Amino acid sequence: AGKGLKDYYKNYFPIGVAVNMAAISGPQAALIGREFNSVTPENDMKMGLIHPSEHQYNWTKADAIVEFAQLHHMKIRGHNLLWHNQAPAWMFRDSSGNLVTKQVLLQRLKDHITTVVKRYKGKIYAWDVVNEAVDDSADKYLRNSLWYQICGEDFIAKAFEYAHEADPDAQLFYNDYNSEIPSKRDRICRLLKSLIDAKVPIDGVGMQGHWSLISPTPARIREAIDKYAALGIRIQITELDITVRSKQPANGAGVAPLPVDSGYTPQLAQQQADRYQSVFKIFRDYKKVITGVTFWNVSDRYSWLDSRGGGLAGGAAAGGPAGKTIVKAYPLLFDVNLQRKQAYWAVTRF
Ligand code: XIL
């Protein structure tokens with residue numbers, strides 16, 4: 001079978017990967033089985049996909065991913081139970097198209113979470129319960145989503161309570177991006193602390209980890225982990241990818257600017273390997289509090305960042321609308337032919 005990432009990290013944390021239907025069949029499936037011991041469905045458990053209308057659930061793809069993971073003895077992280085993106089329009093409206101009341105929305109949320117979490121009870125060990133509820137601007141707190149507009153901040157605690165009721169053994173996470181930027185980090189901490197103080201069942205925080213060669217700095221990553229750990233909760237890196245595209249050169253060292261895709265040069269390969277080595281060193285240093293590291297996609301053949309300016313155009317990390325131009329991000333440990341990259345060897349030599 002050969003050694004995989006999961007074997008190098010067996011004394012540290014599970015190594016996961018986000019998958020879709022294409023990834024769990026064909027040549028990628030063999031790679032996943034060899035390298036990873038955890039999976040996250042990239043899209044297929046999101047509310048809009050799994051629950052497209054009030055009385056209809058689409059289980060087919062989610063079930064197939066769960067079956068694949070079980071067959072390969074992998075852990076499964078559920079993603080996600082509540083998000084402002086990829087949420088179905090029906091959830092927020094009545095039959096005349098008006099926004100529903102808070103009471104109706106919370107009842108629908110409860111039905112959704114209860115149904116989904118119970119279906120996979122005992123199979124999914126951790127859930128991203130609430131995704132990206134904190135605003136990006138330093139002068140705002142929570143994102144002004146329809147969830148927030150209709151419910152105020154209560155929807156967050158409720159989502160965790162419903163999930164805990166449906167599966168008391170599942171670990172429940174709050175998940176967000178740019179969670180190392182001090183102002184956003186502090187607002188995420190404020191939210192986490194308010195939940196913990198109110199005895200809401202929350203086990204951890206997911207730092208998505210959509211990073212570049214130059215940001216966030218290693219110091220910022222360590223500071224963020226320290227702050228989250230000080231709250232007494234676990235931390236997972238839930239959506240790691242490191243794009244080689246950047247708006248600014250790294251120390252004048254020739255990182256390709258947008259919108260040009262200059263390909264994946266040996267110089268970029270080296271910079272990316274160094275960067276991956278540095279962040280995995282941090283993860284290993286924090287093995288007492290980091291309980292999982294998941295990559296967002298399998299290989300550079302397909303990354304969600306490619307249709308988002310290589311990861312740096314228009315709110316990419318927020319899952320904003322995909323652009324038309326493909327700018328390849330080359331953000332993962334396996335190349336377009338599914339072969340191990342220099343960055344792979346950089347994270348496995350320690
Ligand atoms: C992304 C998927 O990878 C894309 O296929 C989809 O079009 C949009 O969502 N933060 C998250 C993930 O929490 O759910 C997002 O996944 C990436 C950003």
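Residues are numbered from 1 along each chain as its sequence is written. In this predicted model, local features need pLDDT of at least 70, side-chain atom pairs count only at pLDDT 80 or more, and totals for chains, interfaces and linings use all residues.

**Start with the whole protein.** Show the cartoon. The protein has 11 helices and 9 strands. These are DSSP runs numbered from the N terminus: helices are H or I with at least four residues, strands are E with at least two. Along the principal axes, the C-alpha atoms fill a box of roughly 55 × 45 × 40 Å.

**Select helix 5 and helix 7.** Helix 5 covers residues 102-119 and helix 7 covers residues 154-166. In helix 5, look for residues including Leu 106, Leu 109 and Ile 113; in helix 7, the residues they meet include Phe 155, Ala 159 and Tyr 162. Contact here means C-beta atoms, placed from the backbone, within 7 Å.

**Now select Glu 239.** UniProt places the feature "active site" here, in an unreviewed entry. UniProt positions use the numbering used here, feature names are shortened, and annotations may be inferred rather than shown by experiment. Glu 239 lies in strand 8, residues 234-243.

Is Glu 239 buried or exposed? Glu 239 is buried, because 25 other C-beta atoms lie within 10 Å. The cut-offs are 20 or more for buried, 12 or fewer for exposed, and partly exposed in between, with C-beta atoms placed from the backbone.

Leaving aside neighbours within four places in sequence, Glu 239 touches Ala 18, Gln 208, Gly 209, His 210, Thr 294 and Trp 296.

Definitions and conventions
Two residues are in contact if their C-beta atoms, placed from the backbone, lie within 7 Å. Axes are lines fitted to C-alpha atoms, for helices over the stretch in contact, and angles run from 0 to 180 degrees between N-to-C directions.
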